[in-house]
Amino acid sequence: MHAVVLLKQILDWELPPRKFRIDPATNCPPAGLAPKLLGPFEQNALELALQLKDAGVVTKVTALLGGGEAGVETLRKALSVHADEAVLVEYAADGPDDPSQTASVLARAIERLGSPELVLAGRQAGDWDYGQVGYLVAERLGRPAVGLVWRVEQGDGRLHVWRNGPGGTEKLAVRPPAVLTVTNHDSLQLRMSSVLDLMAANKKTIERWTTDDLGLGDAELEAARRLDFDRVWVPEVESVCEFVAGEDPAEVAAALVGRLVDLKMLGSAA
Amino acid sequence: MILAVTWDTGGLGRSGQEVLGAATTLATALGETVTLAALGHDAGATAAAAGAYGAGHAVAFDDVVEREAAVDALAELARELGARAVLLVDDERGGEIGPRLAQRLGGTAITHALALDVADSQPVWTRPVFGGKALAAVRTTAEPVVATLRQGAFVAAVSTNRTVEVETRAAPGAAAVVELLEVAPPAAGIAVGQAPVIVSGGRGLGEGESFGELEELAGLLGGAVGASLAAVDAGWAPADRQVGLTGKTVSPDLYFAFGISGASQHLAGIGGAKVVVAVNTDAEAPIFGRARLGVVMDCRKLLPALIEELRRRAAAQ
């Protein structure tokens, strides 16, 4: 089974809020505000694909990324942890990302890859936080989707998948072709690559496609957009924190409980 | 028509009331009416309860739990009603069904909605971006809009003595391509979603064992144990305890953050908490910007002292 992993490069999510800014002219963070990295849920999705390859469930892993030239770096990282192939779909859009537009590009690219049986996507990219692309791709390809997955095994001719449901973990069976969105789990931390792996990855070819190669003209791309932004802004947060201190932990604990009683958060006897 | 969707069982719960409240607001502004669709076990009772909360029409899809069937059923109903908007709860299920339904209907999905305005007869949605570091006000260019609403962000519909006639429908007879094999029994203890007090731990706890102390503290306070994404990633707490943009949204009266730095994506899950108590060794940690009470200290030192203090007070009663 061939698996394709949808990757995305996002602004460093650890950038502290006090350093975060939005340019009102573009409704986006100013260029160069922070480095762009492979998103955390995309890392989880890639790791899951690699584990399925280790287990023999998947025979080939293709990393697919839509975006600008900088995406090459992320695709090299995927190759360095032994993704078999990497494809960059070059397209640049002004303003905030639009999930419908992204899905229209990625669905075409997946078809051009020969419609791999398994599509893995991160549950949501930590920049625009839509959490839509995996599901929109599934609908465009006419496939079932299972969301928030963190474990997959070969079952009775089907895949057995474990996901986070509203009441806890759910185990399901799904017959590929299918789309899975992947969530964080301690078993899905992306593996490290060695220096040799990195050197080997630098020698590998990264396939480059344009949207024209996918049969998507500018008019079609523009028509795929669904969102119209009034504005994007950083909300002001006024801190009202009252610090509780004391000589030792026991004193701090007593003072803290006292303040919680004052605020009627605890009964006076509690 | 505005379609409100719920999976509440045997009556409308808080989140179902919030979805109906938002649907009613939108319907009033656009000159539309509201239909409630109830899915899942005992959907009939839930649909019947919707009349009191302002639904002019209610449809029950009894026992439609599986998501492929739910998307089929809701797409058919939305088309038939000519729905301009479909509103769902922003949880594990709504987050998957919302975008799929939008694509199926040729419309637009708005996920994690925090607020709704109407300008020029068009809904304008506010949603968090960049892990909650910023907010976006956004409109859609293709109807219907399918929006998933953050729990605790919208005003719940108020109960009246009105009633509604319930129309019961069978699920569309699609082949089950996804089969639910097992649902894990709910974890022990109070679920974070509805708890009045939440005691959460993060990376600053240093080790998974400290979650035992959080359990003890939560027990003394009649609350639930929560966790940050980092603590779940470390395997210290199960995913259903995770609070944040990609975990649960919570609105407790009292929220303790032990060793949680306060990444925006975590803060995005506790917007509705009344009083936040933060304990962290780093006085510059962003969590203190959201906290009402703060302690700059290693939480592993404070936890036993706090447990001891609460025990002492309980014994003195």
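Visitor: How do the residues of the lining of the largest cavity divide into nonpolar, polar and charged?

Guide: In this predicted model, the lining of the largest cavity divides into three nonpolar, two polar and two charged residues. The residues that line the largest cavity are B:Ser15, B:Glu18, B:Val19, B:Val89, B:Leu149, B:Arg150 and B:Gln151, and helix α1 (residues 14–30) of chain B gives the most to this lining, with three residues. The space in the largest cavity is about 30 Å³, and the count of cavities of 30 Å³ or more comes to one.

Two packed helices are described by the angle between their axes and the distance between the axes. Helix α3 (residues 67–81) of chain B packs with helix α4 (residues 94–104) of chain B at an angle of about 45°, and their axes are 10 Å apart; that angle makes α3(B) oblique to α4(B), and the crossing of the two is right-handed. From α3(B), the residues B:Arg67, B:Glu68, B:Ala70, B:Val71, B:Asp72, B:Leu74, B:Ala75 and B:Arg79 take part in the contact, meeting B:Glu96, B:Ile97, B:Arg100, B:Leu101 and B:Arg104 in α4(B). The residues of this contact divide into six nonpolar, no polar and seven charged, whereas the lining of the largest cavity includes two polar residues.

Conventions
Residues numbered from 1 in each chain as written. Chains lettered and ligands numbered in written order. Predicted model: local features only at pLDDT ≥ 70, side-chain atom pairs only at ≥ 80, totals over all residues. Heavy atoms only, no water. Axes fitted to C-alpha atoms, helices over the stretch in contact; angles between N-to-C directions. Helix = DSSP H or I, 4+ residues; strand = E, 2+ residues; numbered from the N terminus. Parallel < 35°, antiparallel > 145°, perpendicular 65-115°, else oblique. Left-handed = near helix turned anticlockwise from the far one by under 90°. Contact = heavy atoms within 4.5 Å. Nonpolar A, V, L, I, M, F, W, Y, C, P; charged D, E, K, R; others polar. 1 Å grid on protein atoms, 1.4 Å probe; cavity = no way out; pocket = protein on both sides within 12 Å on 5 of 7 lines; lining within 4 Å. Points joined across faces, edges and corners; volume = space filled by probe spheres on them.
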